[in-house]
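Dear colleague,

Here is the structure I promised to hand over, followed by an account of what I found in it. Please read the notes with the model open beside you.

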Amino acid sequence: MARLTPTKVHVFLFLFLSIILFPVTLAAARSDTFSRNLSPKKLGLKREKLSHLHFYFHDTVSGKNPTAVPVAQAATTNKSPTGFGQVVMIDDPLTVKPEVSSKQVGRAQGIYASASQSELSFLMVLNYFFTEGKYNGSTLSILGRNSVFSGIREMPIVGGSGLFRFARGYAQAKTYTNNLKTKNAIVEYNVYVFHY
């Protein structure tokens, strides 16, 4: 049997540790990276499709069960003809037809804020949360400007979740009814969205 000399032991240990530790060192180096490229297939993404969603948004400010509640305003909001500075939290039903009693397909949840001093225009920051059909549990996120008295308003879809992961597109809003006395409104939405 061959005798191990201190030099042979050192060489053996060096080689053994290099084989064991080198991959660990590489893995550690990789975990320090901020980003990496992925194939969409690795996330289970298939072919991108374009969907059209149509529903009615019921914004109820007055009455026993409001779905839109002011939560903040500036000191000058009451003097502003546009309500500039008011922030409203919403949990509005989304329905198939303009009647609030028609089939509900989801909720619009988020905020809108009066963002213009010269016209009634809202900053919309909200999610459409769907509760019906194949989109049940999925969301679409809106972030945009809504000039309320314009005929058709367009707001960007900036993302989504569930079946709407990686969503992008736009929502078109058209006022169906607007009661200036109660400030309640029904808005028709057509949403066009690319998703996987």
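**Salt bridges and what they join**

Arg168 is partly exposed, at a relative accessible area of 41%, where buried means under 20% relative accessible area, exposed over 50%, and partly exposed in between, with a 1.4 Å probe and the protein chains only. Before going further, please note that this is a predicted model, in which local features need pLDDT of at least 70 and side-chain atom pairs count only at pLDDT 80 or more, while totals for chains, interfaces and linings use all residues. Residues are numbered from 1 along each chain as its sequence is written, and side-chain values use heavy atoms, with hydrogens and water left out.

Arg168 forms a salt bridge with Glu48, and the closest N and O atoms of the two are 2.3 Å apart; a salt bridge is here a side-chain nitrogen of Lys or Arg within 4 Å of a carboxyl oxygen of Asp or Glu. Because Arg168 lies in strand E8 and Glu48 in the loop between helix H1 (6–31) and E1, the pair ties together parts that are 120 residues apart in sequence. Helices (H or I, at least four residues) and strands (E, at least two) are DSSP runs, numbered from the N terminus. Glu48 is itself partly exposed, at 27% relative accessibility. Arg168 also lies 9.6 Å from Leu50 in space, C-alpha to C-alpha, although 118 residues separate the two in sequence. Leu50 belongs to strand E1 and counts as exposed, at 54% relative accessibility.

By the rule given above, the count comes to four salt bridges. One of them joins Asp91 and Arg107, with the closest N and O atoms 3.0 Å apart. This pair links distant parts of the chain, since Asp91 is in strand E3 (residues 87–95) and Arg107 in strand E4, 16 residues apart. Asp91 is partly exposed, at 31% relative accessibility. Another is formed by Arg145 with Glu119, whose closest N and O atoms are 2.7 Å apart. Arg145 lies in strand E6 and Glu119 in the loop between E4 and E5, so the pair ties together parts that are 26 residues apart in sequence. Both partners count as partly exposed, Arg145 at 47% relative accessibility and Glu119 at 31%.

**The chain as a whole**

The secondary structure comes to one helix and nine strands, and along the sequence the pattern reads α-β-β-β-β-β-β-β-β-β. Of the 196 residues, 33% count as buried.

**Pockets**

The largest pocket holds about 680 Å³ of space. A pocket is found on a 1 Å grid over the protein atoms alone, as an open set of points where a 1.4 Å probe fits, with protein on both sides within 12 Å along at least five of seven lines, and its lining residues have an atom within 4 Å of a point. Grid points are joined across faces, edges and corners, and a volume is the space filled by probe spheres set on the points.

The lining of the largest pocket has 30 residues, of which Gln86, Tyr112, Leu120, Phe122 and Lys183 lie nearest its centre. At least two lining residues come from each of strands E1 (49–59), E4 (104–114), E5 (121–130), E8 (168–178) and E9 (185–195). By class, this lining has 16 nonpolar, 11 polar and three charged residues, with Ala, Val, Leu, Ile, Met, Phe, Trp, Tyr, Cys and Pro taken as nonpolar, Asp, Glu, Lys and Arg as charged, and the others, Gly among them, as polar. Lys183 sits in the loop between E8 and E9, has a positive phi near 70° although it is a residue other than glycine, and counts as exposed at 58% relative accessibility.

The second largest pocket has a volume of about 180 Å³, and its lining divides into five nonpolar, two polar and two charged residues. Among the lining residues are Leu43, Lys46, Arg165, Phe166 and Tyr196. Phe166 is placed in the loop between strand E7 (152–161) and E8, has a positive phi of about 65° without being a glycine, and is partly exposed at 48% relative accessibility.

With best wishes
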